[in-house]
Each structure stands twice: as C-alpha cells, then as structure tokens.
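Here is my note for you, as numbered points. Keep the structure open beside it and look up each residue as you read.

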Amino acid sequence: MDRMRKKELIREYLETKTPMGILSIKNVKENKVFLDVDKDTKSKINRLCFQLDLGSCPARELQKDWKRLGKDSFEIKVLELLEYDKDESKTDYSEELKILVFMWQDKLEKQGCILYK
C-alpha cells in the first residue's frame, strides 16, 4: 500500500463518527433495566456483554442476575442515538448524554421498570 493511500485511510478512520447514545440491558423476567451511555454504543454493548459473560461487570447487581438467570433472560438494545451537530464544530456531547439518561430513567420508571444501580 502506498503512503498516500495509507494516510487517506487513517484520515477517514479518524473522521468516522461512531453512533453515540443510550443503551439498555433489560432483565425481561423481573422488569429490571440497566442504562448506560457512550460515545460508541456498539463498542460499549460488546464490552458489557464480554464483562457479563466473564463475570467482571462493574454493575454488581446486574452481574448477579446475569449469572443467576442466564443471558437469554436479557434484552440488549440501543434506546436512542444522539445526532451529531451539522456544523461539526461541537466535539463534547457529555451534557447531552447525561440529559438523555435522566429522560430515559424517568420514562422507564413511569413504565414500572426497576433500574439497576
């Protein structure tokens, strides 16, 4: 591969915008939900699933239920994606992600879900 092509591929990789937003892991048997946000939801889901399968998830209560009930008792999905600004000047979306968590916590509690801590 020539140098110019390599530089172009690196630039494209660095400019790639990953899907950011809020994700949930729902214990469908007991109506309990774990919420998390990340700037790369796909990677975060993979990391959480790996940790849960390994028994090393930092969310201890979720980890206990995962071990007790098995992974087939859980539903994992992205609840909402946050759009990037059109002008691309903004780089920090931390506040928007925090607000998204609060909105989803409220919404799920109103639906009768129990939130994992």
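1. The sulfur of C49 has its closest cysteine sulfur in C57, at 9.6 Å, which is too far for a bond. A disulfide here is a pair of cysteine sulfur atoms within 2.5 Å, and a search of the whole structure finds 0 disulfides. C57 is also buried, with a relative accessible area of 0%; buried means under 20% relative accessible area, exposed means over 50%, and partly exposed is in between (1.4 Å probe, protein chains only).

2. A word on what you are looking at. This is a predicted model, in which local features need pLDDT of at least 70 and side-chain atom pairs count only at pLDDT 80 or more, while totals for chains, interfaces and linings use all residues. Residues are numbered from 1 along each chain as its sequence is written, and side-chain values use heavy atoms, with hydrogens and water left out.

3. Now find C57 again, this time as part of a group. The largest nonpolar core has 12 residues, including C57, L52, L62 and W66. A nonpolar core is a set of buried Ala, Val, Leu, Ile, Met, Phe, Trp, Tyr and Cys residues joined through side-chain atoms within 4.5 Å. Two or more residues of this core come from each of β1, α2 (41-54) and α3, and α2 gives the most, with 3 residues. Helices (H or I, at least four residues) and strands (E, at least two) are DSSP runs, numbered from the N terminus.

4. Leaving out residues up to four places away in sequence, L52 touches I25, C57, L62, Q63 and W66; contact means heavy atoms within 4.5 Å. Another core, of 9 residues, lies apart from the largest one, and I22, L100, W104 and L115 are among its members.

5. Next, the sheet. Four strands form an open sheet with mixed pairing, in the order β3-β1-β2-β4. β3 (74-82) and β4 (114-115) each have a single partner strand and stand at the edges, so one side of each has no neighbour in the sheet. Two strands pair if DSSP finds at least two bridges between them; β2 (residues 32-38) and β4 do so in the parallel sense, over 2 bridges.

6. Which residue of β4 is the bridge partner of V33? The partner is L115. V33 is found in strand β2 and is buried, with a relative accessible area of 2%. Beyond four places in sequence, V33 touches residues including S24, L108, L115 and Y116.

7. Helix α3 (residues 60-69) lies across β1 (20-27), β2 and β3, at about 140 degrees to β3. Helix α4 (residues 94-110) packs on the sheet and touches β1, β2, β3 and β4, with its direction at about 165 degrees to that of β2. Axes are lines fitted to C-alpha atoms, for helices over the stretch in contact, and angles run from 0 to 180 degrees between N-to-C directions.

8. Finally, look at helix α1. The number of buried residues among its 13 is 0, so α1 lies largely in the open. At 1.5 Å a residue, α1 (residues 3-15) should span 18 Å, and its end C-alpha atoms are 18 Å apart, which agrees; the expected span is 1.5 Å times one less than the number of residues.
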